[in-house]
Amino acid sequence: TPSREPLLWLQTNTVKMKATLLLSTLSICDAYVNLEHRTPHSFTTRRSTSHLQMSDASIDRSTTTPPPTQPLSNHVFAGQVEQALLQRFKPDQISRVLESWRLLELGYEHREFVGGQQSTPITDASTSRCYQLAPSFVPGLKAVAWWDNVDDYKWATALSKSYKVIRDEFLSVLKSEDLKSGNNVWAGALSDDAASYGEGWTTLVLVNRGQWDETNAKLFPKTSRAIEKSGIPMAEAFFASMKPHTSIKPHSDFTNFVLTSHLPLVIPENGNNKCRLAVGDETRQWIEGKVMLFDTSIYHDAFNDSDEMRYILMFRVWHPDLTKDERDALQFIYDCLEVPELLSDDPKVVAVGQQKSNQMREFPLKEAGASGFGAAKAKAKNKRDKKK
């Protein structure tokens, strides 16, 4: 997903920071920024050998082993985040997240042949594409290209049932003048590396790093409510378009602790294998309304061989092998990057930062009379209007 390198970690002058999950049009960790100077704080095919020879030159088939790590100094930003994590969580409950954070600080990039973890094990590492590349790496998580049990997840079933409502609203807004009022509508690649994967792939963000884009959520209220109601454990959500007769080169999204899910909305020549996605050694076609779940820390590419635009609703979801404490710890890291007050030594400042963080992640389309920050804002506005 070249437009927004999902779930990458942010980078400072001396430290690489974990800052995105999601994964993408909205990338959980969009681009590189300097944090040290912030204000204080279906159809399935196996890929042929000829195809591999033609398109897989960019795949790095080397492997790495995580080096030993040590606790970080609290004199650097990464160390302050680690100390804040330890104050909020028991060390044994988030040990894998701590290891991940420390590996990131060391500049470690995890590279591994994961063919043996597939439902049908792959043994020939010399030609396989089943390689994982994850600079943002939580140890001990399964690396399965295609999660065929996706229908076992209630959120996936709920989204499939909402497909027609979501598609119809999307197509209606797509044709209307209202679309111009959205934020970063059909944004392109955020970096030269992302742009090099291929042209014709753009996104429109609804959720980024666990935070709703209020403007875009109001532009697509039925979609936003369907997403919220589904209970999907997401870090990112966005629409993604792909132009006709374009492709995306093999690449990794660099993060293994989130998976990618697609709800195909508009697939030209639906069912005729014109629009395809390959993850590892297996290629599948998008089918309208059928939710897909896969691991984009494994090399993957995509094709639109049709004469029309392809549209999907895309999500970055927390890896199912993560515990609740681990998910919360990872989200807390993202929150620290947005709200540095969370790292303050002053409990009052931390409390204000926590409130701010909670408000940023709250669903923005609360109905009148409901509880929560959204409702509070609406009530405050009503009071001001009455005074006038």
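Let's start with Lys142, which forms a salt bridge with Asp321, the closest N and O atoms being 2.8 Å apart. Look at where the two partners sit: Lys142 belongs to the loop between β3 (131-134) and α4 (154-161), while Asp321 belongs to the loop between β13 (310-318) and α9 (324-338), so this pair ties together parts that are 179 residues apart in sequence. Keep in mind that this is a predicted model.

Now follow strand β13 to another charged pair. Arg316 lies in that strand and Glu236 in strand β6 (residues 234-242), so the pair ties together parts that are 80 residues apart in sequence. Their side chains meet in a salt bridge, at 3.4 Å from N to O.

How many salt bridges does a search of the whole structure find? The count is 17.

The side chains of Glu82 and Arg102 meet in a salt bridge, 3.0 Å from N to O. Glu82 is in helix α2 (residues 77-88) and Arg102 in helix α3 (residues 95-105), so to speak two distant parts of the chain, 20 residues apart, that the pair links. Both Glu82 and Arg102 are buried.

What about the helices themselves? Two packed helices are described by the angle between their axes and the distance between the axes. For α2 and α3, the packing angle is about 175 degrees and the axes are 11 Å apart. Angles over 145 degrees count as roughly antiparallel, which means that α2 is roughly antiparallel to α3.

Which residues make the contact? On the α2 side they are Ala78, Val81, Glu82, Leu85 and Leu86, and on the α3 side Leu98, Trp101, Arg102 and Glu105. Glu82 and Arg102, the salt-bridge partners, both turn up in this contact. Sorted by class, the contact of α2 with α3 has 6 nonpolar and 3 charged residues, with no polar ones.

Conventions: Residues numbered from 1 in each chain as written. Predicted model: local features only at pLDDT ≥ 70, side-chain atom pairs only at ≥ 80, totals over all residues. Heavy atoms only, no water. Salt bridge = Lys/Arg side-chain N within 4 Å of Asp/Glu carboxyl O. Helix = DSSP H or I, 4+ residues; strand = E, 2+ residues; numbered from the N terminus. Buried < 20%, exposed > 50% of the residue type's maximum accessible area, 1.4 Å probe, protein only. Axes fitted to C-alpha atoms, helices over the stretch in contact; angles between N-to-C directions. Parallel < 35°, antiparallel > 145°, perpendicular 65-115°, else oblique. Contact = heavy atoms within 4.5 Å. Nonpolar A, V, L, I, M, F, W, Y, C, P; charged D, E, K, R; others polar.
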